[in-house]
Amino acid sequence: MGKSRRYLIAGNWKMNIPSSDAGQLIADIVAKIANVTKMDVLVCPPFTSIHSAKNALAGMAGIFLGAQNFYPEKNGAYTGEISAVMLRELGVSHVIVGHSERRIHFSESDKFINSKVRYALASNLIPILCVGETADQRKKGEELAVVTSQLRSGLGGISQADAKKLTVAYEPVWAIGTGETATAEVAQVMHAFIRNLLVDLFGQKAASTVKILYGGSMRPDNAKDLLGQDDIDGGLIGGASLQAGLFADVVKIAGELAD
Ligand code: PEP
């Protein structure tokens, strides 16, 4: 592989796969990727399925457990919310922050997203900061400005040392759950742009360690082209992560590229 960063293939199960099904999905994935090394895999079940997923993963090296959300306070009167400590206690290492579905359906602002990124880092959770433009914004030629603004505000106040622990996901909103994928070339242009922004913010050395995942209808049939790009270090996968065969095939493709 032409890059020093390890691939990360992450599954975002969204509000799918109840606890009763989580163990089986994990077991099916594990059985299919047992021989894949040199890369990392992450599964992000809904909160109530994390425990079953953890049990099913017991002893598997290289497969991490993530959460789809958390609330950036230690504890207290935040009805319905889950803290970073609660996630750590379940063995969670990563958390998705700023997903477009949370920006859209739950009105999460860049300021709130920034507080989550900082809180996650302070709590030893790796934040996966999602950024990406809508179809309308791309049509108007605003995609670079939108991503710049989301990234600069999402990463405000982060030290250079903490920046090295970050993961970023470029998820064009028009490609999420639509079956429409950014071409590898279009995605690479944005990933290189994001890498340059990270260089501006944190310097070359820190920026070169940050994984930038692509998300938006990634599947086995487009994964090779996407993952083969210089600045695409993995995938954040929604729909295809719910089927062990599809998810495992993407993992295998990354494994082959890493060899
Ligand atoms: C996502 O929601 O992060 C995502 C990329 O979904 P999908 O793969 O279904 O487009």
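**Figure 1. Helices α7 and α9 cross in a right-handed manner.** A crossing is right-handed if the near helix is turned clockwise from the far one by less than a right angle, and left-handed if anticlockwise. The model is predicted, so local features need pLDDT of at least 70 and side-chain atom pairs count only at pLDDT 80 or more, while totals for chains, interfaces and linings use all residues. Residues are numbered from 1 along each chain as its sequence is written, and side-chain values use heavy atoms, with hydrogens and water left out. Helix α7 spans residues 143-154 and helix α9 residues 184-202; they pack at about 40°, with axes 11 Å apart. Helices (H or I, at least four residues) and strands (E, at least two) are DSSP runs numbered from the N terminus. Axes are lines fitted to C-alpha atoms, for helices over the stretch in contact, and angles run from 0 to 180 degrees between N-to-C directions. The angle makes α7 and α9 oblique to each other, given that angles under 35 degrees count as roughly parallel, over 145 as roughly antiparallel, 65 to 115 as roughly perpendicular and the rest as oblique. From α7, the residues in contact (heavy atoms within 4.5 Å) include Leu-144, Val-147 and Leu-151, and from α9 they include Phe-193, Ile-194 and Leu-197. By class, this contact has nine nonpolar, one polar and three charged residues. Ala, Val, Leu, Ile, Met, Phe, Trp, Tyr, Cys and Pro count as nonpolar, Asp, Glu, Lys and Arg as charged, and the others, Gly among them, as polar.

**Figure 2. Helix α5 packs against α7.** Helix α5 covers residues 110-122, and its axis is 8 Å from that of α7, at an angle of about 45°. The two helices are therefore oblique to each other. Asp-110, Asn-114 and Val-117 of α5 meet Ser-149, Gln-150, Ser-153 and Gly-154 of α7. These residues divide into one nonpolar, five polar and one charged.

**Figure 3. Helices α11 and α12 pack with their axes 9 Å apart.** Residues 220-227 form α11 and residues 244-258 form α12, and the angle between them is about 25°. They are therefore roughly parallel to each other. Their crossing is right-handed. Pro-220, Ala-223, Lys-224 and Leu-227 in α11 meet residues of α12 including Leu-246, Asp-249 and Ile-253.

Figure 4. A side-chain N or O atom of Lys-14 is 2.5 Å from a ligand oxygen. For Glu-171 the corresponding distance is 2.7 Å, and for a polar side-chain atom of His-99 it is 2.8 Å.

**Figure 5. Gly-238 sits in the loop between β8 (234-237) and α12.** Gly-238 touches Asn-12 and Lys-14, residues up to four places away in sequence not being counted. The C-alpha atoms of Gly-238 and Ala-10 are 8.7 Å apart, although 228 residues separate the two along the chain.

How values were computed. A polar contact is a pair of N or O atoms within 3.5 Å; within protein, one must be able to donate a hydrogen and the other to accept it, and residues adjacent in sequence count only if both atoms are side-chain atoms.
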